[in-house]
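Visitor: Could you show me the model, and then take me through it by way of a few questions?

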Amino acid sequence: MSAINITNARIQETLFLNSISGMTESIINGMETPIEDCIPEEQVNW
């Protein structure tokens, strides 16, 4: 995959996530959460 295609894919994903109501705030909230308040990855139910 070329650098242009990767950049294009990242832009499209950003636009998609921004189109979901409340997603931007949720991502920012998650980034501000201290790591000690997070659960271990193996406990995440996907």
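Guide: Buried means under 20% relative accessible area, exposed means over 50%, and partly exposed lies in between, with a 1.4 Å probe and protein chains only. This is a predicted model, in which local features need pLDDT of at least 70 and side-chain atom pairs count only at pLDDT 80 or more, while totals for chains, interfaces and linings use all residues. Residues are numbered from 1 along each chain as its sequence is written, and side-chain values use heavy atoms, with hydrogens and water left out.

Visitor: What percentage of the 46 residues in the chain is buried?
Guide: The chain exposes about 4,400 Å² (Shrake-Rupley method, 1.4 Å probe; for residues, only the protein chains shown count as cover), and carbon and sulfur atoms supply 58% of that area. Of the 46 residues, the buried share is 0%.

Visitor: Which helix holds Ile11?
Guide: Helices are DSSP runs of H or I with at least four residues, and strands are runs of E with at least two, numbered from the N terminus. The chain has two helices and zero strands. Ile11, which is partly exposed at a relative accessible area of 45%, belongs to the helix spanning residues 3-19, namely H1.

Visitor: How far apart are the C-alpha atoms of Ile11 and Asp37?
Guide: The C-alpha trace spans about 35 × 25 × 20 Å along its principal axes. Ile11 and Asp37 lie 26 residues apart along the chain, and the separation of their C-alpha atoms is 30 Å.

Visitor: Is Ile28 buried or partly exposed?
Guide: Ile28 sits in helix H2, residues 23-32. Its relative accessible area is 39%, so Ile28 is partly exposed.
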